[in-house]
Amino acid sequence: MPGIIDTSPPVVVGPATKKATRPSNALPKWLQDEASRTVPEMFDATKHLKVQDPAYKISMKELGLEGHGISPNGVSAPFSLFTEDAIKQIRREVFSQKVLEECQYSSTFNKHMVRGMGRERAPFTYDAWYCPELIAHISSVAGMDLVPSMDFEVANINISVNDNEGTIPSPVAEDKGDKLDEFSTIHWHYDSYPFVCVVMLSDCTGMVGGETALRIPGGGIEKVRGPAMGTAVVMQGRYIEHQVLKAIGGRERISMVTSFRPKNPLAKDDTVLVGVRGISNIDELYTQYTEYRLEVLEERLRLKMKEERKRQVAKRSFDIVAMKKFLSEQRAFLDSMITELQDVNEN
Ligand SMILES: [Fe+2]
């Protein structure tokens, strides 16, 4: 079927997270106290967005990954996205009592996370990520039209707080004592979603490190500067093996990650749930995942039927090869869903 974006086979995903556990260490109270001093506002694109293009983008080809992924663009340099006021509003929601009570998660990978805040608990953050102007900009940086993967991934907040030695072990669960080793072998991973947009919610003035390291096949590592407050990095994280490096200095490092998938239902969607199944409200995650996947399938079938009707009107003969290819692709799409919808209690 025309329009299907053909790519290489999906890459193997990184380490699976364990089952969701409540964070073992409570977050410092000052995070909450500070956030509560912000006067609530509704999201307003004219006031809260400060959109600029990235200074450069690194292509998949430059990363040695030509032919992988769904867009030629691999990763962007940090670019301006939100105003300081917007960041304050987002932090106000992240550190609100209700969110901290109901949306905190922890895994072996990330010690402190806030996820699945939803529109009710975090209307400002939700409206910001669904703002058409913001989505258009993320899409232009990504090199293809994208939409947020699902509500539950709007947004994932990774929280790291400075320890006594001045190192922010972000955003990892435990430091294996390898402080001299810049790269941690256990934290190389692929994301579960095709694209991610990472926004910095902390003031990184005076902070050293915190870059994103990208592994280049065949050896070599490319480093991309971590975003500063209010700026964002867009990356095809499902196809690029990467890790966030430790940061030194500063009192905290809080980043917001929102995942995206292609808007075009005909585009390949390699979304998996391996990295998020253990750190999610399974009922919400599986409901939203199933809903969007079935909508994609519905649209694909509708378009295929339309194409078939046109073919008959034009009196062209049935294309066995093309129909089998289409059906095989849809079967793979359904097989992937069957694989992903695991009962977490059985693991
Ligand atoms: Fe990642």
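A residue is called buried when its relative accessible area is under 20%, exposed when over 50%, and partly exposed in between (1.4 Å probe, protein chains only). Cys-204 has a relative accessible area of 19%, so Cys-204 is buried. Cys-103, at 1% relative accessibility, likewise counts as buried. With a disulfide taken as a pair of cysteine sulfur atoms within 2.5 Å, the count comes to zero disulfides.

The model is predicted, so local features need pLDDT of at least 70 and side-chain atom pairs count only at pLDDT 80 or more, while totals for chains, interfaces and linings use all residues. Residues are numbered from 1 along each chain as its sequence is written, and side-chain values use heavy atoms, leaving out hydrogens and water.

Next comes the metal site. Donors are N, O and S atoms within 2.8 Å of the metal (3.2 Å for Na, K and Ca); water is not among the atoms, so sites may look incomplete. His-189 (NE2), Asp-191 (OD) and His-242 (NE2) are the protein donors of the iron ion, 2.1 to 2.2 Å from it. Their spacing along the chain reads H-x1-D-x50-H. His-189 sits in the loop between β8 (167–168) and β9 (195–200), and His-242 in strand β14 (residues 242–244), so the pair, 53 residues apart, links distant parts of the chain. Here strands (E, at least two residues) and helices (H or I, at least four) are DSSP runs, numbered from the N terminus. Both His-189 and His-242 are buried.
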